[in-house]
Amino acid sequence: MNDMKMPTVGITCYPSQGGSGVVATELGLHLSRRGCEVHFISSELPFRLRKFHENVIYHPVEMPHYPVFQHSPYTLSLATTMSEVATRCGLDILHVHYAIPHAASAFLAREMVGADRLKVVTTLHGTDITLVGQEPSFFPITRFLIERSDAVTAVSTFLKEETIRVFGTGETIEVIPNFVDARVFMPLEVDGLRRRFAPAGERLLMHASNFRAVKNPLAVIEVFAAVRREIPARLLLVGDGPEMPSVRSRVQELGLAEAVDMVGQVDNLEEILPVADLLLLPSLHESFGLVALEAMACGVVPLVTSRGGAGEFIQDGINGFLRDPDDIPGMVAAALTVLRDRDLQVQMVDEGRRDASAEFGAPCVVRQYLELYDRLLGTGPRPAGLDG
Ligand code: GMT
């Protein structure tokens, strides 16, 4: 590779809804716009990739089903596809998002292709370290894969420190935070939608997630119920997942069915986020909390768990709120503070949008990934402008 050539990058992620897939896909798209050839290798087309994009090629992982297999060995099929794509398309970097099992497949692919020809970057996103990686059956292999990747990044300092604490390894992990494209996620004129979800001019609260237990969605309902006792308010639930049945029954029990809209999974979150006044994300922990950053970019005040890494982009009381996920009264008080004071809301929205588009904006963060690739490949610093 000569100094000016942009790297050819293979990206693997979970294709379904979820922060790690969003970050991986958006990173790939931004790299491709900067002139990198990007090859997505995954079981299905990642959900934000469903259009033609120049310089982006999708390679599905074929999984043979033989009667002898109790479960099809996806990790091996993925490794085979990775090595085949790496050789045929001349990948310089294989960047895997979410350690299990993607880093294992990348490790095998690099062994097959040759360590001098392919570098493996593993990005840790959160539950791959805080939940899945700590399962006894995954613990040793997660540590092994962290040590054997050519570079490991984590989406927050919290996650880096958690990795070192739990696995006793990872001092060289580079923190590269989640990012948002502020030209896509931005405040919009949403009067029509607002009338649909808050017809009498009520304040509108929103929760958007995959409704897994770690998102603590029942706390959203409790906070909303208490807020609604004080001011006219409605709740919009975006997404779907295993906790949805409990959420529905709690909404019924509290007699809130008329005040809560559930719109299911939404791919184009940027079109619905701007409608809200407040985003609630009371997760049991959150290594970063990408949706809160996206909300800030859309002009929505985030009220987010203080457990994890959200404090690395949210300044409590300035551009959002941080509260312990068990502290329902604290969350209610914070919500009411901003929902009752439109001047404060405007001030916090301005702060949030500024922060989201500067340090956590796509140009700044994508550049950090490119610099990491350059260091791994031994290509010198790029003259300004060449990386877009
Ligand atoms: O939050 C989820 O359940 C999805 C998960 C994922 O891997 O898709 O999200 C994790 O990665 C996101 C992107 O880096 C982070 O913003 C989320 O905070 C993190 N989730 C948790 O730590 C619970």
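From which domains does the shell around the ligand draw at least three residues each? The answer is domain 1 and domain 2. Domain 1 covers 8-179 + 361-377, and domain 2 covers 191-357. Keep in mind that this is a predicted model.

Start with the ligand's place in the protein. The ligand sits in the largest pocket. Around the ligand there are 19 residues. The closest are Ser20, His125, Asn178, Lys215 and Glu286. What kinds of residues make up the shell around the ligand? Five are nonpolar, 11 are polar and three are charged.

Now look at single contacts. For His125, the distance is 2.6 Å. For Glu286, an oxygen atom of the ligand lies 2.7 Å from such a side-chain atom. For Arg212, the value is 2.9 Å. How much of the ligand does the protein bury? Taken alone, the ligand exposes 490 Å², and the protein buries 96% of that. His125 and Glu286 are also listed among the closest residues.

Next, turn to the backbone. Two places stand out for their angles. Where does Pro101 lie? Pro101 is part of helix H3, which spans residues 99-113.

Phi of Phe211 is near 45°. That is a positive value in a residue other than glycine. Phe211 belongs to a loop. This loop runs between strand E8 (203-208) and helix H8 (217-230).

Conventions
Residues numbered from 1 in each chain as written. Predicted model: local features only at pLDDT ≥ 70, side-chain atom pairs only at ≥ 80, totals over all residues. Heavy atoms only, no water. Near = heavy atom within 4 Å. Polar contact = N/O pair within 3.5 Å; in protein donor to acceptor, adjacent residues only side chain to side chain. Areas by Shrake-Rupley, 256 points an atom, 1.4 Å probe, with all protein chains shown as cover. 1 Å grid on protein atoms, 1.4 Å probe; cavity = no way out; pocket = protein on both sides within 12 Å on 5 of 7 lines; lining within 4 Å. Sits in = over half its atoms within 2 Å of the grid points. Nonpolar A, V, L, I, M, F, W, Y, C, P; charged D, E, K, R; others polar. Domains from an automatic or database assignment. Helix = DSSP H or I, 4+ residues; strand = E, 2+ residues; numbered from the N terminus.
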